[in-house]
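Please go through the model below with the text beside it.

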Amino acid sequence: MDNLTLLLEGFATAAHPEYLVFAFIGVILGTAVGVLPGIGPSMTVALLLPLTYALDPTAALITFAGIYYGGMYGGSTTSILLNTPGEASSMITALEGNKMAKRGKGAAALATAAIGSFVAGTLATVALTFLAPLAADLAVKLGPVEKVALMVLAFTTVGALLGRSVSRGLAALGVGMFIGLMGVDGMSGQMRFTFGVPVLNDGIDVVVVAVALFAVGEALYVGAQLRRGPQQLVPVTRGWRTWMTREDWRRSWKPWLRGTAIGFPIGTLPAGGAEVGTFLSYSAERKLARGKAKEEFGHGAIEGVAGPEAANNASAAGVLVPLLTLGIPTSATAAVILVALQHYNIQPGPLLFKDHGDLVWPLVASLYIGNVLLLVLNLPLVGLWVKVLQIPRHYLYAGILLFAALGAFAVHFSPQDVMVLLVLGILGFFMRRYGYPVAPMVVGLILGPIFERQLRSALQIAQGDWLTLVQSPFAIVVYVALLLALAGSIVLRRKEEDLEHELIEADR
């Protein structure tokens with residue numbers, strides 16, 4: 001009952017008219033940027049991150065929650081109407097949803113995506129409400145050795161599983177850790193990795209790195225990929241009140257629930273992310289399809305939109321469990337959210353719910369409110385989002401770069417930050433160009449200094465005995481779980497690749 005009481009107190013705060021306005025603004029901004037071609041949730045959140053800096057912490061986090069969920073939803077509109085997924089987790093939506101749109105059922109595809117997002121987001125937030133405090137209570141009992149084990153788990157899974165190449169993922173992770181350790185050594189007070197450059201003495205701000213990699217680098221890469229001219233926008237017919245027929249509802253509600261059941265636990269796993277959940281949901285719906293639905297798969301089946309979109313949004317709440325309770329981001333978007341929390345000197349971890357309960361519970365409550373706002377706003381306003389999709393590409397990406405530069409300058413009001421932004425943005429472009437994932441780099445940047453502190457503490461307590469790192473029962477369980485996770489990921493990736501191959505062959 002304590003959790004319910006705290007949640008109700010969170011609702012009392014989040015329902016204040018001022019905060020409702022911020023939640024509304026966050027949802028609108030998140031959706032508006034999220035629907036733009038080729039822009040995923042991580043880029044949306046990174047690009048709009050500097051906007052929240054002028055607000056008090058509660059207002060900022062509530063606005064940020066709206067941006068987060070708005071960005072998650074916005075990608076479905078682009079995927080369905082333009083066949084341009086902002087990230088890998090939207091690929092299935094683009095495949096089945098765009099084919100539905102070409103068959104004249106784009107309205108039904110948008111509706112099942114919106115309602116499925118609402119259902120999955122709400123149910124997953126309920127699970128978050130009850131699971132996160134329990135996980136936090138368990139995490140409070142962990143010492144430096146156990147925390148080192150969790151960091152190793154996070155580094156290995158994020159580095160090995162995000163992206164198509166294990167070596168490239170680990171290389172990106174190493175570069176991020178190197179950048180994170182630049183500046184003054186917290187224990188010895190010595191300068192390290194600065195190469196005599198004064199601007200590096202205080203290290204590189206995480207916000208600048210996040211905006212550079214997820215906004216500047218991504219904008220340069222996507223802009224280069226889309227330079228050949230405008231894509232064909234599939235028109236949406238009929239009014240929103242008649243979008244889904246009775247049969248569409250009948251075929252959608254079970255995939256919504258199954259997608260939620262698949263997406264939330266996958267999102268809570270280190271490096272599980274939304275991508276794996278959406279592919280598993282699509283595979284499940286495809287196997288369970290019968291009759292007409294089975295024939296439509298690969299040609300625009302509504303189950304192929306309902307299930308994966310529900311899984312995608314359920315995982316969005318799932319990633320908040322390890323993020324808030326352990327301080328471990330399990331996706332690119334979660335890494336940017338961690339940056340936002342750290343800006344307010346809030347370090348997610350075991351004590352977060354006790355030390356910052358006045359901020360966390362309004363944040364959780366705002367997730368419920370944001371879900372309702374998304375459903376109420378996005379169905380009637382889809383015509384507005386369609387007009388946003390018609391913005392000329394050269395204006396769009398030039399605006400993104402300008403906005404990112406202003407945001408980086410606003411962090412410390414320093415022109416040097418803009419130069420660092422440009423350098424890292426170009427690095428992010430080439431990383432995307434040659435298949436190096438950027439999420440492990442940000443995770444390494446954030447968790448690297450924390451890992452160093454915990455490792456030094458564990459070794460100091462054990463008087464330099466490295467065997468102490470593998471003598472804790474909890475650490476042993478974590479390392480065994482790591483091996484199982486890696487083995488399971490190999491199986492899942494093979495199934496995912498087989499499914500992608502089948503989809504490509506069917507598309508031909």
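A residue is called buried if its relative accessible area is under 20%, exposed if over 50%, and partly exposed in between, with a 1.4 Å probe and protein chains only. The model is predicted, so local features need pLDDT of at least 70 and side-chain atom pairs count only at pLDDT 80 or more, while totals for chains, interfaces and linings use all residues. Residues are numbered from 1 along each chain as its sequence is written, and side-chain values use heavy atoms, with hydrogens and water left out.

Of the 508 residues of the protein, 58% are buried. The protein has 21 helices and two strands; these are DSSP runs numbered from the N terminus, with helices being H or I of at least four residues and strands being E of at least two. A contact means heavy atoms within 4.5 Å. Of the contacts between residues at least 6 apart in sequence, 78% join residues at least 24 apart.

Helix 3 (residues 41–48) is mostly covered, since eight of its eight residues are buried. L48 belongs to helix 3 and has a relative accessible area of 4%, so L48 is buried. Leaving aside neighbours within four places in sequence, L48 is in contact with L29, G30, V33, I67 and F403. L48 and V211 are 163 residues apart along the chain, and their C-alpha atoms are separated by 9.0 Å.

Helix 10 (residues 273–288) holds S281 and also E285. Is S281 buried or exposed? S281 has 0% relative accessibility and therefore counts as buried. Not counting residues up to four places away in sequence, S281 touches G259, I262, G307, P308 and A311. E285 is buried too, because its relative accessible area is 3%. With the same exclusion of residues up to four places away, E285 touches P255, R258, F297, E303 and G307. Between the C-alpha atoms of E285 and R258, which are 27 residues apart along the chain, the separation is 8.6 Å.

On a 1 Å grid over the protein atoms alone, a cavity is a set of points where a 1.4 Å probe fits but cannot get out, and lining residues have an atom within 4 Å of a point. Grid points are joined across faces, edges and corners, and a volume is the space filled by probe spheres set on the points. A search of the whole structure finds four cavities of 30 Å³ or more, and about 100 Å³ of space lies in the largest cavity. Which helix gives the most to the lining of the largest cavity? Helix 4 does, with four residues. Helix 4 (57–82), helix 13 (320–326), helix 14 (332–343) and helix 16 (357–378) each supply at least two lining residues. Residues of the lining include L61, F64, A65, Y68, L320, I337 and L363.

The last topic is the aromatic rings. A pair of aromatic rings is described by the distance of the centres and the angle of the planes. Rings of Phe, Tyr and Trp (its six-membered ring) pair if their centres lie within 6.5 Å; planes under 30 degrees apart count as stacked, over 60 as edge-to-face and the rest as tilted. By this rule there are five aromatic pairs. Y68 and Y69 form one that is tilted, with 5.7 Å from centre to centre and 35° between the planes. Y68 is buried at a relative accessible area of 3%, and Y69 is buried at 2%. The rings of F430 and Y434 have centres 6.4 Å apart and planes at 10°, so this pair is stacked. F430 is partly exposed at 42% relative accessibility, as is Y434 at 48%.

Ring pairs link F429, F430 and Y434 into a cluster. F429 is located in helix 19 (residues 415–433). Apart from neighbours within four places in sequence, F429 is in contact with G217, L220, Y221 and A224. F429 and A224 are 205 residues apart in sequence and 9.7 Å apart in space, C-alpha to C-alpha.

Conventions
1 Å grid on protein atoms, 1.4 Å probe; cavity = no way out; pocket = protein on both sides within 12 Å on 5 of 7 lines; lining within 4 Å.
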